[in-house]
Amino acid sequence: MDFIRYAERSAGLLNASLPDVDALRAHIADREWLVHQCTDRDCMLLRKFQRELRPVFEASAAGETAAVIDGINDLMVRHPITPQISSHDPGSLHIHVASKTQSVAELLVGEALLGLANLVCDLGPARLGICAASPCTNVYVDTSPNQSRRYCSDRCSSRANVAAYRARQKAVASA
Ligand SMILES: [Zn+2]
Ligand SMILES: [Zn+2]
């Protein structure tokens, strides 16, 4: 697992609706070994973490880079991370968040924070954003080379393009 993917998952975690355990299971359906460990408490902790993490994305979107760094640092104090050297790919040792000793919520929170901390160090604190296709308020992580991302998804991007096209047509028609 590389840090970019951890960081991208943090956006996915923030955008997920997690009213109950079934929703959490669906959110991590691609990680079968975790699905059976989900509890109500994990859902509750993750909803709380969503509220704590959102201001970090909002600060980045607003260009408040110091608040991004402070925010992630504060969250890492509140949610201590246990990194482990993983050898599942012996040719390429790398860091994982420890998964055996922690709850699902602790694991997902740890991955999100480790991913975001590394993203900020590698690509800078201005890479987090809020979708520009209102009324969508989803967040995204911008890993594009020219830092040009504005939407949470292809769906929002094409919706915004259609809206802009219609607005232009209307302007032409009334000119
Ligand atoms: Zn790995
Ligand atoms: Zn969106």
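**View 1. The donor residues of the zinc ion (ligand 2) follow the spacing C-x4-C-x15-C-x3-C in sequence.** The pair C131 and C156 links distant parts of the chain, 25 residues apart: C131 belongs to the loop between strand 3 and strand 4, and C156 to helix 7 (residues 154-173). Helices (H or I, at least four residues) and strands (E, at least two) are DSSP runs numbered from the N terminus. This is a predicted model, in which local features need pLDDT of at least 70 and side-chain atom pairs count only at pLDDT 80 or more, while totals for chains, interfaces and linings use all residues. Residues are numbered from 1 along each chain as its sequence is written, chains are lettered from A and ligands numbered from 1 in the order in which they are written, and side-chain values use heavy atoms, with hydrogens and water left out.

**View 2. The site of the zinc ion (ligand 2) is tetrahedral, with angles of 107 to 116 degrees among its 4 donor atoms.** Four donors count as tetrahedral if all angles lie between 85 and 135 degrees. The SG atoms of C131, C136, C152 and C156 are the protein donors, 2.3 Å from the ion; donors are N, O and S atoms within 2.8 Å of the metal (3.2 Å for Na, K and Ca). C131 and C156 are both buried, that is, under 20% relative accessible area with a 1.4 Å probe and protein chains only, whereas exposed means over 50%.

**View 3. Helix 4 (residues 40-61) bends by about 25 degrees at E52.** The bend is the angle between axes fitted to the seven residues ending at a residue and the seven starting there. Just after helix 4, G63 has a positive phi of about 80 degrees.

**View 4. S60 lies in helix 4 and counts as buried because its relative accessibility is 5%.** Leaving aside neighbours within four places in sequence, S60 contacts V68, P125, A126, R127 and L128; contact means heavy atoms within 4.5 Å.

**View 5. Helix 5 has V68, G71, I72 and L75 as buried residues.** They cover an arc of only 95 degrees around the axis, which puts them on the same side of helix 5; the arc is that of the directions from the helix axis to the C-beta atoms. Helix 4 and helix 6 are among the elements covering these buried residues. The face turned away from the buried side carries the exposed residues A66 and V77.

Conventions. Expected span 1.5 Å × (residues − 1). Tetrahedral: all angles 85-135°; square planar, octahedral: opposite > 155°, others 65-115°.
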